[in-house]
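Hi,

Here is the structure I said I would pass on.

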Amino acid sequence: MADMWGDDWEDNILDNLRGSPRGQEAIREYLKAHSMEQYIADNRDALRSAIQKAVAAARRPAHERYIPTDFDQRFKGKRFVVKGKLDGYEEGQAAELVEKFGGKVMKNVTASVSYFVCGRGVGDPIRTAMKHGTTILTADYFEDMTR
């Protein structure tokens, strides 16, 4: 096996499985096809640990947002509604940033709202924002406005 995969064949197998939704099944089938059941039995815990590490490494880390430390009054006179789960922001963090930049956070979208910061799972408020012609911001656009 070392001839085919090199000296670090276990690491090479795991590297080749990153991004494969059936990676663990592929390992099982490969090892069965090459009469490696005893190897698996002898090294089950080490293989399980290596596979878990590979899967964890392949998962995309949560996006970290830029969080400013200096604030001006760039949102003064602006009204914001922040709804839904915003990727990279903790709950309430975006609303807190709006206030630190001098903006006002509203609970509901009305004609007087300047920006609707829209996360996942908002439902009807986005329709209301569209009806009023309110500017709709994703988490990415909101982050750009705070830079």
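K100 has a relative accessibility of 40%, so it counts as partly exposed (buried is under 20% relative accessible area, exposed over 50%, partly exposed in between, with a 1.4 Å probe and protein chains only). Before you read on: this is a predicted model, where local features need pLDDT of at least 70 and side-chain atom pairs count only at pLDDT 80 or more, while totals for chains, interfaces and linings use all residues. Residues are numbered from 1 along each chain as its sequence is written, and side-chain values use heavy atoms, with hydrogens and water left out.

K100 forms a salt bridge with E96, with the closest N and O atoms 3.1 Å apart (a salt bridge being a side-chain nitrogen of Lys or Arg within 4 Å of a carboxyl oxygen of Asp or Glu). E96 is also partly exposed, at 41%. Helices (H or I, at least four residues) and strands (E, at least two) are DSSP runs, numbered from the N terminus.

The structure has eight salt bridges. Among the others:

- R48 and D45 meet at 3.7 Å, N to O. Both belong to helix α4 (residues 37–58), three residues apart. R48 is partly exposed at 43%, whereas D45 is exposed at 60%.
- R74 pairs with D72, the closest N and O atoms being 2.9 Å apart. R74 comes out partly exposed at 33%, and D72 is partly exposed too, at 34%.
- R65, D140, E143 and R147 are linked in a salt-bridge network.

Now for the strands. Which residues of β3 (residues 115–118) lie on each side, and are they buried or exposed? Y115 and V117 are on one side, F116 and C118 on the other, and all of them are buried, so both faces of β3 are covered. In a regular strand the side chains alternate between the two faces of the sheet.

β3 pairs in the parallel sense with strand β1 (residues 79–83) over four bridges (two strands pair if DSSP finds at least two bridges between them). Strand β4 (residues 135–137) also runs parallel to β3, joined by three bridges. V117 has V82 as a bridge partner and stands opposite L137 in β4.

Finally, β3, helix α6 (residues 124–132) and β4 make a right-handed β-α-β unit: with the strands pointing away from the viewer, the path from the first strand over the helix to the second runs clockwise.

Cheers
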